[in-house]
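Biologist: I am new to this structure and should be grateful for a close look at a single part of it. Please begin with that part and then relate it to its surroundings.

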Amino acid sequence: MEGQTKYKAEQYPLNSILDTIPMAIMIVDNELNISYINGAWEQLVGYTWEEVVGKKLTELQQLLQEEKTTSCPPGEDPESFLLCREIEITGKNGEGIHLALKTKPIMRGNNREGTVIYFQDINTQVKYELLKQTFDTILQQMVGGVVVVDSTGRVLIANQETERLTGQPASSITGKFVWELFPNMDRKELVTVRALEKGQAVGPLEVHYKVNDKDFCLLVRSDVLRDKYGRVSGAVTVFNDITELHRQQELQHNQEKLAVVGQMAAGMAHELRNPLTSIKGFAQLLSERVEDAKSKEYLDVIIQEVDRTNEIISDFLVLARPHSTQGENVDLNRLINELLPLVESQCLLTQVELVPDLAPELPSIKAQPDQLKQVLLNLIHNALQAMEEQPVRRLTLISRWPAGSDEILLVVRDTGHGMSEEILSRLSTPFFTTKDAGTGLGLTISYRIIENHGGRIEVNSQEGAGSEFRIYLPVQGPGQIH
């Protein structure tokens, strides 16, 4: 081998230099006979000098099982090989090699003596592109948000779920600092920043924040990236949205409370109503017999309080009743219109502007209309009370059927004093009330009624800016459009 190398160097003085170049090089003469390959070519393709030099280029193409790609001109002319920009060949070990080609003529004066062909292995680039495409696909399909930042906290990569969780377009997220994605949060408390500062994984931690007036609860974990020297080069943060999970847990917790209340109600109703009936009967009897005005007044108070106690017991029984699937076809717009005369009179008395905004066509639903009226009247009554001392008093009633949805939406919106986060978290809790004379059962019963209809209630409220109760009720089948 040493003699052969010496022979090559003597035949081609530049060959010894070309052998030191890491790029694969081949030289062919004007008849397309292969006159030279360097060591990098032998290492790349696997064939030796003795196996290649002296062969025709067409023979080499057959040996390499060359498959012309779209970057090669059509035709069987072997010289077209020299015009290729990319080819795919099979090396001696049977592995495919993706090559980029570049050619330069060898000139002596005006005469062309051959061609130099440079081969660049682009398998690594092809694999990188495939890996990147796979990575991007996986990243976008992930349920959670993913953000990759450099060591300074600047965002390098973010998936589409991050757009939803931050309320910012995905195209604008890259290049920002991670704390710009969560402007309402303390920068030092961000899990990503803490991971970068500590140089180690942080989390998973629950994080609560608000975007576009919508509350989110995230489970966040961040871990650092390191370069080959072990230095922190960035961090990867994963956000899992557990807002709905929290809501379901809260609903389950409230259902457990309601179940206890229901058991109490079922056992208590019979025991209380019998003596209350007796008390009311004797109070009415005495009221008819006594002549003293003061005594009559006291007896009337007794009768009123007995009636109020009976109402509370009836409310308890609503909580105790099991879910009922029985009902009738209800046109919600008609139901609201039946309530409007009563609501209008209350609005006139309290100087509240009433704004009905009902969709023209709604499908009918299976429901118990009296119970739905009870819910609406309770929400309207609460809204009117919330606006008593407000400068702007407006009550808006909205009905909608979102396109493609299997739910009807009813909205009761007011411009009242709004509610704090603490109050919002306890709205459906039995006996919780902010009113001096309230029982704390009105909203609890409303939640139970809507739940028994297969629906749900969502609340948006901001202190000083009013509240919005959104009732979602399922459409039973295609339904009849009204």
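In strand β1, which residues point one way and which the other way, and are they buried or exposed?

Modeller: The model is a predicted one, in which local features need a pLDDT of at least 70 and side-chain atom pairs count only at pLDDT 80 or more, while totals for chains, interfaces and linings use all residues. Residues are numbered from 1 along each chain as its sequence is written, and side-chain values use heavy atoms, with hydrogens and water left out.

In β1, Ala24, Met26 and Val28 point one way, whereas Ile25 and Ile27 point the other way; all of them are buried. Buried here means under 20% relative accessible area, exposed means over 50%, and partly exposed lies in between, with a 1.4 Å probe and protein chains only. Helices (H or I, at least four residues) and strands (E, at least two) are DSSP runs, numbered from the N terminus. In a regular strand the side chains alternate between the two faces of the sheet. Since five of the five residues of β1 (residues 24-28) are buried, the strand is largely enclosed by the rest of the structure.

The strand has two partners to consider, pairing being assigned if DSSP finds at least two bridges between two strands. β1 pairs with strand β6 (residues 111-121) in the antiparallel sense over five bridges, and Met26 stands opposite Ile117 of β6. Met26 stands opposite Ile37 of β2.

Ile25 shows the setting of the strand in detail. Ile25 lies in β1 and is buried, with a relative accessible area of 1%. Leaving aside residues up to four places away in sequence, Ile25 touches Leu18, Tyr36, Ile37, Asn38, Trp41, Val116, Ile117 and Tyr118, where a contact means heavy atoms within 4.5 Å. Ile25 and Gly39 are 14 residues apart in sequence, and their C-alpha atoms are 8.4 Å apart in space.

β1 and β2 form a hairpin with five residues between them. Leu32, in the loop between these strands, has a positive phi of about 65 degrees although it is not a glycine. Leu32 is buried, with a relative accessible area of 13%. Most residues other than glycine have a negative phi, and most peptide bonds are trans. Another positive value belongs to Gln351, whose phi is near 55 degrees. Gln351 is found in the loop between α13 (332-350) and β13 and is exposed, with a relative accessible area of 64%.

Elsewhere, β13 belongs to an open sheet of five strands in the order β13-β15-β16-β18-β17, with mixed pairing. β13 (353-358) and β17 (456-462) stand at its edges with a single partner strand each, so one side of each has no neighbour in the sheet. The twist in this sheet averages 10 degrees from one strand to the next. Seven bridges join β17 to strand β18 (residues 466-474) in an antiparallel arrangement, with Ser461 opposite Ser467 of β18. Helix α14 (residues 369-386) lies across β15 (394-400), β16 (407-413) and β18, and runs at about 170 degrees to β18. Such angles run from 0 to 180 degrees between N-to-C directions, the axes being lines fitted to C-alpha atoms, for helices over the stretch in contact.

A further open sheet has five strands in the order β8-β7-β11-β10-β9, with antiparallel pairing. The twist there averages 25 degrees from one strand to the next. β9 is joined to strand β10 (residues 214-226) by eight bridges, and Tyr209 has Phe216 as its bridge partner in β10. Pro204 is also found in β9, and the peptide bond from Gly203 to Pro204 is cis, with omega near 5 degrees.

Finally, a word on confidence. The mean pLDDT of the chain is 80, and 79% of its residues reach 70 or more; pLDDT is the predictor's confidence in each residue, from 0 to 100. Over residues 1-12 the pLDDT is below 50, and this stretch has six contacts in the model beyond near neighbours in sequence. Where pLDDT is low, the predicted coordinates should not be read in detail.
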